[in-house]
Amino acid sequence: MEHFTKKTDKMEENKATRKLRVCVATCNRADYSKLAPIMFGIKANPDEFELEVVVLGSHLIDDYGNTFRMIEQDDFDIGSKLHTIVRGEDEAAMVESVGLALVKLPDVLHRLRPDVLVVHGDRFDALALATAAALMNIRILHLEGGEVSGTIDDSIRHAISKLAHYHACCTRTAEQHLIAMCEDHTRILLAGCPSYDKLLAAHHRDDYMDIIRNWLGDNVKEHDYIVALQHPVTTDIKNSIKIYELMLDALISFNKKTLVLFPNIDAGSKEMVRVMRKKGVEQHPNFRAVKHVPFEQFIQLVCHAGAMIGNSSCGVREAGAFGTPVINLGSRQTGRETGENVLHVRDADTQNKIYHALELQFGKRYPCSKIYGDGNAVPRILKFLQTIDLDEPLQKTFCFPPVKEWDISQDIDHILETQSALAVDLGGTNLRVAIVSMRGKIVKKYTQANPKTYETRMELILKMCTEAVIDAVHLNCRILGVGVSTGGRVNPQEGVILHSTKLIQEWSSIDIRTPISDALHLPVWVDNDGNCAALAEKKFGHGKGVENFVTVITGTGIGGGIIQHNELIHGSTFCAAELGHIMVSLDGPECMCGSRGCIEAYASGMALQKEAKRLHDEELLEVEGMLDLKKAESVSAIHLINAARLGNHKAEAVLRTAGMALGVGIINILHMVNPSLVILSGVLAAHYQAPVQQVIGQRALTSAQSIQVLTSDLEEPALLGAASMVLDYTTRRIY
């Protein structure tokens with residue numbers, strides 16, 4: 001990048017008169033694997049740099065392998081060794097360790113007087129280093145900032161980034177995150193991960209089998225063993241210990257040679273070691289439990305393993321460079337960029353689930369991934385260090401985006417306003433817009449006939465939305481975004497309506513997100529009406545707190561949505577949950593989709609209306625007690641239902657067939673996705689609930705017969721579902 005290569009005459013003059021004094025501080029075995037290549041690079045350029053090494057943290061603890069010795073074996077002079085760990089391995093011990101480091105670091109930094117302190121990652125020790133250096137006016141280069149993982153590590157990593165003056169990040173996404181955090185883009189280097197420089201150059205060793213046998217025994221074969229490395233999750237210690245226990249149980253049952261590395265020193269590690277010893281892992285013939293493996297040998301072990309399991313960043317980062325299959329357990333690496341070699345088991349709540357993941361992954365090989373580096377990080381970082389101008393002001397500057405001035409920003413009405421969404425429902429007949437509060441209350445609703453052409457429809461949508469946004473100010477509602485529910489097949493990622501239903505004309509291949517967002521300056525979410533109905537139930541209805549359920553809309557057509565593991569299922573081409581087009585007969589009535597025997601051709605409002613008209617034309621719809629219908633009067637599904645209630649056998653037969661078709665279709669759904677609940681929504685829901693429940697009891701597999709069928713209590717599922725897309729996303733909930 002140009003701004004890294006330009007040097008002023010003054011910088012060249014300074015460079016000629018003095019070396020850059022760089023202090024590298026390492027806290028544990030993991031960060032040393034990233035820092036060592038940089039240290040070797042600095043040491044190899046004595047005319048440019050002076051290297052000082054500070055060692056602290058778990059490097060100096062016997063229980064964690066006294067890993068400072070590998071630094072000495074690499075022939076680095078350690079300028080200072082700081083014992084900063086307060087034992088206890090709980091939250092309080094971590095806090096006390098940070099405090100102890102802050103007490104000891106000022107003397108060391110004052111004595112060394114580095115120009116730049118190099119800090120890595122997201123450990124609590126690194127936070128102490130960055131805090132001390134920032135307060136002592138020492139420039140900080142932070143490695144691997146901008147990444148997203150999980151637990152307290154994210155908060156620590158981002159805090160260090162805010163203290164740091166320069167950044168060397170590993171991925172393009174991390175670079176963008178740093179820019180979004182208002183860091184100066186001219187001080188951000190996209191370098192790649194320094195450990196990749198060593199592992200990409202060294203993992204093709206001829207003696208790899210000697211290394212494997214040294215750690216796991218003479219009988220082990222390549223790709224026939226497992227490397228396990230699980231650390232505690234400091235924000236959920238109890239659950240992380242439970243996952244560790246389940247992992248060990250699964251590994252014992254899996255019956256493969258396994259190298260287990262001790263966890264790091266975070267809160268909860270003592271309990272994890274206790275679990276490991278309780279299960280006899282250290283004495284088990286299939287296991288080898290170790291506190292430390294030298295990085296060069298660890299590379300070989302990971303490269304040639306049948307699988308790696310746990311929650312170490314090595315699994316989602318370095319292992320990808322070899323194509324080694326990885327099972328990532330729990331939430332510790334949530335958000336990390338990963339290659340296709342990683343199988344996530346985020347809800348690792350059973351031994352069987354972990355065991356099944358091992359069965360799926362063990363022995364596979366994947367394409368090698370270079371998401372985190374190409375092997376040339378160190379030359380880039382050294383060049384970046386050479387461009388640092390020590391005469392520049394030390395004070396950091398942040399690149400904040402322009403902020404619009406709001407006159408009411410301190411007004412009490414603004415503070416007390418209701419967070420709300422603008423919901424749009426495009427139906428075959430009407431176009432509706434509503435202001436919906438966080439609790440699902442429809443504050444105000446607007447309804448107009450849905451125009452027949454694209455131009456007039458978009459014009460009306462923008463007009464109604466603009467009116468609603470203006471009214472929202474007077475109603476003390478803060479509009480967070482716009483959610484659009486529409487019939488047809490929708491790509492929610494792009495906000496594009498791919499194919500519409502026949503009820504809405506000129507509504508295919510339409511980008512609806514862009515014009516609304518441009519006009520209102522608000523984020524816009526789009527999905528089809530069936531999916532929106534499912535989202536409405538999930539947030540406001542019977543589906544609240546239910547992990548797996550299906551919503552079926554019974555109205556003019558038949559549609560729905562599927563919630564699986566708390567997430568809406570869209571499918572590879574966005575046509576999942578087209579429930580109305582499940583075929584229940586090979587030669588049934590023709591459906592509007594062009595096929596035959598679909599549920600919609602039997603049980604939709606249009607299908608019932610068609611049958612009602614047929615019976616009426618044949619004069620078979622009239623019964624005693626029912627008002628006579630004139631030939632010209634519109635006959636609807638309601639007339640058919642009323643005739644059946646009054647004893648019309650022909651109408652009863654039609655409804656019996658419709659209920660059977662819908663019930664059989666729902667049984668197919670139960671047998672495919674096995675939800676715990678079915679919710680019927682729409683104008684015909686109350687009529688179909690009993691027949692569908694009866695068909696399930698008669699025809700479903702025994703294990704599915706007890707699944708309950710409920711009718712929705714929501715009056716406006718499409719509008720509420722459209723609103724939930726906005727409210728869930730903007731308040732950082734799952735959608």
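Biologist: Take strand S1 (residues 20-26). How many of its residues are buried?

Modeller: Six of its seven residues are buried, and the strand is mostly covered. Buried means under 20% relative accessible area, exposed means over 50%, and partly exposed lies in between (1.4 Å probe, protein chains only). This is a predicted model: local features need pLDDT of at least 70, side-chain atom pairs count only at pLDDT 80 or more, and totals for chains, interfaces and linings use all residues. Residues are numbered from 1 along each chain as its sequence is written, and side-chain values use heavy atoms, with hydrogens and water left out.

Biologist: Which strand is joined to S1 by bridges?

Modeller: Strand S2 (residues 49-56) is, through seven bridges, and the two run parallel. Val-24 faces Val-53 of S2. Two strands pair if DSSP finds at least two bridges between them. The strands (E, at least two residues) and helices (H or I, at least four) are DSSP runs, numbered from the N terminus.

Biologist: How many of each does the chain have?

Modeller: There are 26 helices and 26 strands. The chain has 735 residues, of which 54% count as buried. Its C-alpha trace spans about 105 × 65 × 40 Å along the principal axes.

Biologist: Which way do the residues of strand S8 (residues 225-229) point?

Modeller: General idea: in a regular strand the side chains alternate between the two faces of the sheet. In S8, Tyr-225, Val-227 and Leu-229 point one way. Ile-226 and Ala-228 point the other way, and all of these residues are buried. S8 is joined to strand S9 (residues 257-261) by five bridges, in parallel. Ala-228 sits opposite Val-260 of S9.

Biologist: Now S18, S19 and S20. What kind of sheet do they form?

Modeller: An open one, in the order S18-S19-S20, with antiparallel pairing. Strand S18 (489-491) and strand S20 (510-511) are at the edges with a single partner strand each, so one side of each has no neighbour in the sheet. Strand S19 (residues 496-499) pairs with S20 over two bridges. Ile-497 has Ile-510 as its bridge partner in S20.

Biologist: What is the phi of Ser-509?

Modeller: First the rule: most residues other than glycine have a negative phi, and most peptide bonds are trans. Ser-509 has a positive value, near 55 degrees. Ser-509 lies in the loop between S19 and S20. With a relative accessible area of 60%, Ser-509 is exposed. Phe-574 also has a positive phi, of about 65 degrees. Phe-574, however, is buried, at 15% relative accessible area.

Biologist: Next, helix packing. How do the axes of H6 and H7 cross?

Modeller: Two packed helices are described by the angle between their axes and the distance between the axes. The axes are lines fitted to C-alpha atoms, for helices over the stretch in contact, and angles run from 0 to 180 degrees between N-to-C directions. The axes of H6 and H7 cross at roughly 20 degrees and come within 10 Å. H6 is therefore roughly parallel to H7. The cut-offs: under 35 degrees is roughly parallel, over 145 roughly antiparallel, 65 to 115 roughly perpendicular, and the rest oblique.

Biologist: Which residues of H6 and H7 meet?

Modeller: Among them are Phe-124 and Leu-127 in H6, and Ile-156 and Leu-163 in H7. Contact means heavy atoms within 4.5 Å. This contact has nine nonpolar, one polar and no charged residues. Ala, Val, Leu, Ile, Met, Phe, Trp, Tyr, Cys and Pro count as nonpolar, Asp, Glu, Lys and Arg as charged, and the others, Gly among them, as polar.

Biologist: At what angle do H24 and H25 pack?

Modeller: Helix H24 (residues 649-673) and helix H25 (residues 685-699) pack at about 60 degrees, with axes 8 Å apart. H24 and H25 are therefore oblique to each other. The contact includes Leu-655 and Gly-659 of H24, and Tyr-688 and Arg-699 of H25. Its residues divide into 13 nonpolar, three polar and one charged.

Biologist: Is Asp-184 buried or exposed?

Modeller: Buried, at 16% relative accessibility. Asp-184 lies in the loop between H8 and strand S7 (188-190). Leaving aside neighbours within four places in sequence, Asp-184 contacts Thr-397 and Cys-399.
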